Amino acid sequence: MDEREYNMAEEVKVFSTWASPFALRVIWALKLKGVEFDTVHEDLINKSPLLLQYNPIHKKVPVLVHDGKVICESLVILEYIDETWKQNPLLPEDPHQKANARFWAKFGDDKVMQSIGGGVLLKEGKEQEEGFAASMENLKYLEDEIRGKKFFGGETIGLADIALGWLAHYLDIVEEIVGLKLIDQEKFPSLAAWKQEFANAPIIRENWPDRDKLATKYVAMREANLGKGTPK
Amino acid sequence: MAAGEQVTLLDSWASSFGMRVRIALAEKGVKYEYIEQDLWNKSGLLLQMNPVHKKIPVLVHNGKPVCESLVIVQYIDEVWKDKAPLLPSDPYQRAQSRFWADFVDRKIYEHGRMILTTKVEDQEAAAKKDFIDTLKLMEGELGDKPYFGGETLGYVDVALLPYCCWFYTYENILNFSLEADCPKLNAYCKRCLQKESVSKSLEDPKKIYDFALMLRKKLGVE
């Protein structure tokens with residue numbers, strides 16, 4: 001590449017952590033579109049000055065920096081990516097279908113993640129039972145939505161698949177830790193099939209974080225929340 | 001509206017989420033049927049149109065429902081795209097608008113909910129300071145622009161403006177003055193209320209306060 005080509009090349013940076021399912025969404029989206037980027041690995045206990053400068057309000061990953069333009073919040077970043085790099089679109093053209101995809105992405109973050117993360121992983125006893133019941137209700141809605149489709153986006157991976165994608169890997173680890181099955185093949189056959197399809201899809205399957213490392217992290221989170229861990 | 005087009009809004013008069021949709025429809029000049037919902041006795045129609053959340057607002061366009069206020073506002077912007085665009089056309093500016101609308105949802109809504117559901121004596125000084133700091137952040141983002149959307153009312157304005165009729169309630173419960181603590185935001189609300197699309201979509205702040213007090217009594221915090 002000559003100097004002029006280098007200067008015209010786009011600069012795309014993703015601030016991420018190895019474990020973040022939110023940062024992973026951004027990495028998936030960029031790779032699915034064949035966009036070259038650099039990853040800046042953050043340590044959330046010791047956030048870099050640059051991260052704090054780029055995301056002063058939430059101080060979180062992911063952050064996307066595209067030719068000096070800073071975008072925060074994973075779902076906002078996904079829409080930016082889809083509008084900027086138009087190959088392999090994540091959202092359909094039709095406004096109603098688009099609204100539907102956004103609805104399910106939001107449902108995933110507002111309800112599913114809350115009930116499974118907050119309600120099942122981090123709780124025990126009666127509170128966990130309630131979290132489990134809420135999670136099953138939420139998963140049933142996903143089951144009804146995915147039935148008859150390969151992906152939430154239809155034939156190809158879309159915004160909702162990327163937003164809900166953590167279910168295809170992170171959930172296994174949660175299930176092992178708490179000893180409860182959430183996406184049960186018999187109860188949710190369509191969702192279980194989607195899980196398989198998504199987890200093994202090209203690009204997706206090459207970018208999952210290490211299971212054992214995640215398990216260690218989640219066990220520590222659970223114990224800390226239940227007051228059993230050693231306070232840091 | 002094209003011949004045969006049917007637009008219905010399932011809403012509840014005091015809902016800040018519903019107001020967002022009303023403002024968006026008014027900005028676009030869309031004629032629609034408003035159906036007030038009783039949230040303590042949910043209608044079959046609401047449960048059919050929003051089976052997942054069973055909440056308002058729901059926009060029903062030619063029989064197809066759209067749920068979640070900001071999803072609805074984006075839908076309205078995309079369908080009725082020839083008038084009063086709410087989101088800018090540049091992807092980076094769109095991302096900024098989405099970020100701030102999300103911020104309104106996360107921070108202002110959450111603060112408001114806490115204020116509404118907490119006894120006066122339990123309202124902490126720290127929470128009050130946080131709320132005012134959040135509002136000041138919005139002031140910073142507004143800057144010297146007439147609207148968050150720039151010269152014209154935009155997506156972030158639509159997300160935020162409903163709170164203008166709820167601030168009176170928060171002021172009374174939290175014991176603070178928007179005019180004193182956030183004069184820029186106060187001026188912004190007054191200015192925006194001069195627009196018919198906003199004034200016709202929002203409710204009388206005193207009516208909202210009466211409603212809030214009734215809710216608080218029901219929750220046992222008043």
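The legends below describe views of a predicted model with a chain A and a chain B.

View 1. Residues are numbered from 1 along each chain as its sequence is written, while chains are lettered from A and ligands numbered from 1 in the order in which they are written. Because the model is predicted, local features need pLDDT of at least 70 and side-chain atom pairs count only at pLDDT 80 or more, whereas totals for chains, interfaces and linings use all residues; side-chain values use heavy atoms, with hydrogens and water left out.

**View 2. The helices and strands of chain A.** Chain A holds 10 helices and four strands, where helices (H or I, at least four residues) and strands (E, at least two) are DSSP runs numbered from the N terminus. Read from the N terminus, the order of these elements is α-β-α-β-α-β-β-α-α-α-α-α-α-α.

**View 3. The overall dimensions of chain A.** The C-alpha atoms of chain A fill a box of roughly 65 × 45 × 30 Å along the principal axes. The radius of gyration, taken over C-alpha atoms, can be set against a globule rule of 2.2 Å times the number of residues to the power 0.38. For the 232 residues of chain A, a compact globule would have a radius near 17 Å, and the value of 19 Å for chain A agrees with this.

**View 4. The inside and the surface of chain A.** Of the 232 residues in chain A, 51% are buried, a word that here means under 20% relative accessible area with a 1.4 Å probe and protein chains only. Chain A exposes about 11600 Å², of which carbon and sulfur atoms supply 50%; such areas come from the Shrake-Rupley method with a 1.4 Å probe.

**View 5. The annotated span of chain B.** Chain B has 11 helices and four strands. In an unreviewed UniProt entry, the annotation "domain: GST C-terminal" covers residues 90-221 of chain B, although such annotations may be inferred rather than shown by experiment. This span of residues 90-221 is 69% helix and 0% strand, and its end C-alpha atoms lie 46 Å apart.

View 6. The C-alpha trace of chain B spans about 55 × 45 × 30 Å along its principal axes, and 52% of the 222 residues of chain B count as buried. Among contacts (heavy atoms within 4.5 Å) in chain B between residues at least 6 apart in sequence, 69% join residues at least 24 apart.

Conventions
Buried < 20%, exposed > 50% of the residue type's maximum accessible area, 1.4 Å probe, protein only.
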